[in-house]
There are 2 protein chains.
Amino acid sequence: MIPKQTVNMTDVAQRSGVSIASVSRALRGRPGVSPATRARILSAARDLSYVVSPEASHLAGGATGRVGVVVPRVDAWFYSTMLAGIAGEFDTVGVDLVLCALPDATARHRFFESLPLRRKVDAVIVVSVPLTAREHTRLDQLGLPTVFVGGDHPDGNQPWVGVDDELAAQQAVGHLLRIGHRDIAMIQAGDREGTRWATDEARIRGFHRQLGDAGLTDPNVVTVEWGIDGGARGMEILLSRPLLPTAVFCHSDEIALGALRTLRKSGVSVPQQISVIGVDDHPAADLSELTTVAQPVREQGRIAAQQVLAQLDPEAPETAPTVTTLPTRLVIRGSTAPPR
Amino acid sequence: MIPKQTVNMTDVAQRSGVSIASVSRALRGRPGVSPATRARILSAARDLSYVVSPEASHLAGGATGRVGVVVPRVDAWFYSTMLAGIAGEFDTVGVDLVLCALPDATARHRFFESLPLRRKVDAVIVVSVPLTAREHTRLDQLGLPTVFVGGDHPDGNQPWVGVDDELAAQQAVGHLLRIGHRDIAMIQAGDREGTRWATDEARIRGFHRQLGDAGLTDPNVVTVEWGIDGGARGMEILLSRPLLPTAVFCHSDEIALGALRTLRKSGVSVPQQISVIGVDDHPAADLSELTTVAQPVREQGRIAAQQVLAQLDPEAPETAPTVTTLPTRLVIRGSTAPPR
């Protein structure tokens, strides 16, 4: 068992030269303490190995010191990078991160019906989880500050951080058009369970809008499962059709990487016979010379964490919910070239 | 605010046809309830949207319902895949996962000095975090059941899950020797902060042992930072030396992928001029036709989670701490071939 803690808040207050009330506020992540003072108090608490008891804090009317982070899955570059950004911010202020992964419809259903985070966290960050109207209502019933990252844009009453996925698709297709492509296919992501993913839908809109603006209609489109294997399968389908497009827009780098694998195995040369472009700037995109539209993922996590921490600060000025749209940018590598 | 919960344990007990004591045990993850009964109780609780209050549970002498998971970082394939395995197991029994990432020496120091998980979790899983003697002592002072995954093998008093990294290196080098290589270099991972990583040290031992058994000494060795860029730099160094080896063993697939990038940019053909092999079976290894030694990462996470849950069960039979070593296996792809 842990020996009973012999250091108390008075010791921390004395060492940091502030009132006990300030120590209490700082250690519970509450407002009313300047950043410099908070840093001094946390440093003193560390020196003394003092840890505030979350239960004591709770009973005293304080916060739990925890924030829930809900992600569709953990083991994909986008989500793990996002988590790293969030975890880094939480670490600097001593907030604990409670991780909830909802990898399938069953897990999502269980999560929204039983609301396991209820009474356990002070706030929630929801990363790219597609929400039905009922799920939105259930989240509201948590009664907790919530920040959304990516995916569905909330109705304007809640903070959101993300990129403009429609614009990202337009940037990708715009690049292909500028270098001369007219026969541009799309390998788009679809969900086996029929869940609507806002990101995919936005990228589909961007693709068709950009082609439409160029007077091009009826493009070759394939829908596959998200991921490398889906992309590989999507390209197999495109190769099986009578005419090979000169370029293909893939919904994500992972889909594009799968498509490249199929092309390599089929002996189709990139970019000579077909150009391939993705979205994300996944680390493997650089390795595979994949042209892509980069989005800042870690930064989205960082900003979401900062916003949720600001919402937990009752002394922060009351402002309208913040919608933060971060820029995406075209990264040209070797997988795209003018058509022959 | 959340409306006061109107459903109570009596309702759950009635619906599931068991005693209130069983409901209490099942919902707090305590023993004494059969898996079938537990499932029925959890289902009834879900149907009624009943959530046990962790604080109430704590005050009643129960557990916090949380387990801490400590990882060096989140945004790398190995750790995010491990986390997914752990999170999946925890989700099935309703245990919350508190995530602690220790990406650098500062974060590690802060973690072990202030022990932020103290009084907040029932148990801890430590994934591949290198521990000094003092850090081991501090972990012990948490007084919590702890399961280690990968990295340092504990002294036999605590459960450990992992692979035999020395053997993995021997499998990789053995493959190169069998197909005829004699001039085999190594790109090994080293830590800028001087931290000793048990995995790296084991792979170094395996490399030298396998070469020594074949009567080969003084191999060409380069030490780089872990990761793709480190691997790219390591191969640049090898290319700058007078004689190019015929094969190179890389400490991880990410190092190997970086090495392949450098070789491609330098116009050195793989496997014709040099064979490259890694360890892990990272998803990008398949994309890059990289021969590797695969390890089951998600499975390590699953088993660690199962072991920590078993340790939280006071009715589980008292047994010696379990050391689980999972097998690694050679996966031959296009990046290795006999020397010319």
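**Exercise 1.** Which residues line the largest cavity?

*Solution.* The model is a predicted one. Begin with the count: the structure holds one cavity of 30 Å³ or more. About 30 Å³ of space lies in the largest cavity. Next, identify its lining in chain A: Ser128(A), Val129(A) and Pro130(A), then Gly151(A) and Asp152(A), and finally Trp197(A), Ala198(A) and Thr199(A). Last, sort the lining by class, which gives four nonpolar, three polar and one charged residues. Because Gly counts as polar and Asp as charged, Gly151(A) and Asp152(A) of the lining fall into these two classes.

**Exercise 2.** State the strand order of the open sheet in chain B, and determine which strands form its edges.

*Solution.* Six strands of chain B make up the open sheet, in the order S7-S6-S8-S9-S10-S12, with mixed pairing. The edges are strand S7 (221-225) and strand S12 (329-331) of chain B, each of which pairs on one side only. On average, neighbouring strands of this sheet are turned by 20° against each other, direction ignored.

**Exercise 3.** Describe how S6(B) is joined to S7(B), and name the helix that packs on the sheet.

*Solution.* Strand S6 (residues 184-190) of chain B runs parallel to S7(B), and five bridges join the two. Within this pairing, Ile187(B) has Val222(B) of S7(B) as its bridge partner. The helix packing on the sheet is H11 (residues 253-265) of chain B. Helix H11 of chain B touches S6, S7, strand S8 (247-250), strand S9 (275-280) and strand S10 (291-294) of chain B. The direction of this helix makes about 155° with that of S9(B).

How values were computed
Residues are numbered from 1 along each chain as its sequence is written. Chains are lettered from A and ligands numbered from 1 in the order in which they are written. This is a predicted model: local features need pLDDT of at least 70, side-chain atom pairs count only at pLDDT 80 or more; totals for chains, interfaces and linings use all residues. Side-chain values use heavy atoms; hydrogens and water are left out. On a 1 Å grid over the protein atoms alone, a cavity is a set of points where a 1.4 Å probe fits but cannot get out, and a pocket is an open set with protein on both sides within 12 Å along at least five of seven lines; lining residues have an atom within 4 Å of a point. Grid points are joined across faces, edges and corners, and a volume is the space filled by probe spheres set on the points. Two strands pair if DSSP finds at least two bridges between them. Helices (H or I, at least four residues) and strands (E, at least two) are DSSP runs, numbered from the N terminus. Axes are lines fitted to C-alpha atoms, for helices over the stretch in contact, and angles run from 0 to 180 degrees between N-to-C directions. Contact means heavy atoms within 4.5 Å.
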